[in-house]
Amino acid sequence: MKKVRAMKILAVDDDDSIRELLVVQLKKHGYEVMEAADGKEALAKAAGADLILLDIMLPELDGFEVCRQLKNSQDTMAIPIIMLTAKAEEIDKVLGLELGADDYLSKPFSVRELMARIKAVLRRSGGRLSASQQTLSIGALQLDFNSYQASLKEKPLALTPKEFELLKLLVTNPGKAFSRDELLERVWGYEYYGDTRTVDVHIRHLRAKLAADPLLAEGIETVRGVGYRFARK
């Protein structure tokens, strides 16, 4: 049975009923959820999240301070934040955005609007990548991680989403050997129960599509008894 990896969202709110609502709805929409009831707990759990829903009125540390600390830390600065608050004053919204929040939603809000905001922020942020990591050039190859577009020798390179993700994983970890099982888990997001042929097929397709630049194609190396790695030539 396929196990698809879900995006992980940290829901931070000291109101148990609101937090429970967020957890139920987020899981219903396919997200994995972590919870925090105060600012210190939020900081402790933040590094494991793909996106944070952050209430402002929190015990220990308020949401503004949590946002400030997250955006000033190298480990968490790229994690998108949507601030949630019962406060509707414009000054609060401006302060949250100036501290680095990606969006702002006032309570009460509709679940439909919240989910739309989450999708939009994740799409804009490109996941956990910082702005400086959104593109990568290796010789004649250019990858745009945000738009999933690739080009080779200034010509569009037609990659499927899984081919793109596989290539991205390899080229952003040069020299690291990945087993086929690890590639399945990291790219496809599920255990394939020992049938790793899908990895070999995708690697073969990638090499063929990169054939216009032999150094790139040959850079995807087979590691005997292990799997594959990318070696910059």
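Is E35 buried, partly exposed or exposed, and what is its relative accessible area? E35 is partly exposed, with a relative accessible area of 35%; buried means under 20%, exposed over 50%, and partly exposed in between (1.4 Å probe, protein chains only).

This is a predicted model, in which local features need pLDDT of at least 70, side-chain atom pairs count only at pLDDT 80 or more, and totals for chains, interfaces and linings use all residues. Residues are numbered from 1 along each chain as its sequence is written, and side-chain values use heavy atoms, with hydrogens and water left out.

**View 1. A salt bridge joins D16 and R19.** Side chains of opposite charge can pair when their charged atoms come close. A salt bridge is a side-chain nitrogen of Lys or Arg within 4 Å of a carboxyl oxygen of Asp or Glu; between D16 and R19 the N to O distance is 2.9 Å. Both residues belong to helix α1 (residues 16-28), and because they are 3 residues apart, about one helical turn separates them. Helices (H or I, at least four residues) and strands (E, at least two) are DSSP runs, numbered from the N terminus.

**View 2. R19 also forms a salt bridge with E35.** The closest N and O atoms of this pair are 3.1 Å apart. The pair links distant parts of the chain, with E35 in strand β2 (residues 32-36) and R19 in helix α1, 16 residues apart. R19 counts as buried, at 11% relative accessibility.

**View 3. E221 and R229 meet through their side chains.** Their salt bridge has an N to O distance of 2.9 Å. R229 is partly exposed, at 32% relative accessibility.

**View 4. Salt bridges link D13, D55 and K107 in a network.** The structure holds 15 salt bridges.
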